Amino acid sequence: MWLPDRRKFLKFTLALPLGASLSACGFEPVYGPNGAGTALRNQIAFQAPETIGAPRDSDAYYFVRQLETRLGRAGAPAYRMDLTLDTAEVGQAITAEGDITRYSLTGTAGYSLVRLSDGQIVASGEVENFSGYSASGTTVQTLASETDAHERLMVILADQIVTRLYAVPGLGRTTGA
């Protein structure tokens, strides 16, 4: 009869030190009052898509659109984000006749988050990932698949950058104003 009570007691006593150790190691919730998500929301002026120099203008548009979706648009920015973007397509599945039926799309994005008040680079880096699409359907299906693969890759790259920005130590405490 007393076994369930012991389990509750053990859960409580094990959870207490765990919670205390997370706060002691500097863990902060991203969207908490001092978190990086709150500090960056609507605080970044992004580079215009046409100035990124991507091989495809639509890639740059999708890339910046996803960054603005995740981080918001700044009215009075505290930061500026400089971006680079490069993509490449490689045939993956080639038939005996030499026709390519599947493509792999690779992308690399570089970023620098610059604090406008003093021009200091707060965070920078490079992310890379891939996407793929089938070219075995009609021309319309292949073009739709290709467009979708490019858009998916830009979302992946932008989300990787946002995740890295959220992990920058102390960014939540530095508002840049």
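Buried residues have under 20% relative accessible area, exposed residues have over 50%, and partly exposed residues lie in between. The structure shown in these views is a predicted model.

**View 1. Tyr103 and Tyr133 form a stacked aromatic pair.** A search of the whole structure finds two aromatic pairs, one of them the pair of Tyr103 and Tyr133. A pair of aromatic rings is described by the distance of the centres and the angle of the planes. For Tyr103 and Tyr133, the ring centres are 5.2 Å apart and the planes are at 15° to each other. The pair connects distant parts of the chain, with Tyr103 in strand β3 (residues 100-115) and Tyr133 in strand β4 (residues 121-134). The two residues are 30 residues apart. Tyr103 counts as partly exposed because its relative accessible area is 23%, whereas Tyr133 counts as buried because its value is 4%.

**View 2. Asp118 and Arg115 form a salt bridge.** The closest N and O atoms of this pair lie 3.0 Å apart. Asp118 has a relative accessible area of 47% and is therefore partly exposed. Arg115 has a relative accessible area of 12% and is therefore buried.

**View 3. Asp59 and Arg56 belong to a network of salt bridges.** Salt bridges with shared partners join Arg56, Asp59 and Glu146 into one network. Asp59 is buried, since its relative accessibility is 0%. Arg56, in turn, is partly exposed, since its relative accessibility is 25%.

**View 4. Asp82 and Arg80 meet through their side chains in a salt bridge.** The N to O distance in this salt bridge is 3.0 Å. Asp82 has a relative accessible area of 30%, so this residue is partly exposed. Arg80 has a relative accessible area of 35%, so this residue is partly exposed.

**View 5. The model contains eight salt bridges.**

Key: Residues numbered from 1 in each chain as written. Predicted model: local features only at pLDDT ≥ 70, side-chain atom pairs only at ≥ 80, totals over all residues. Heavy atoms only, no water. Salt bridge = Lys/Arg side-chain N within 4 Å of Asp/Glu carboxyl O. Buried < 20%, exposed > 50% of the residue type's maximum accessible area, 1.4 Å probe, protein only. Phe/Tyr/Trp six-rings, centres within 6.5 Å; stacked < 30°, edge-to-face > 60°. Helix = DSSP H or I, 4+ residues; strand = E, 2+ residues; numbered from the N terminus.
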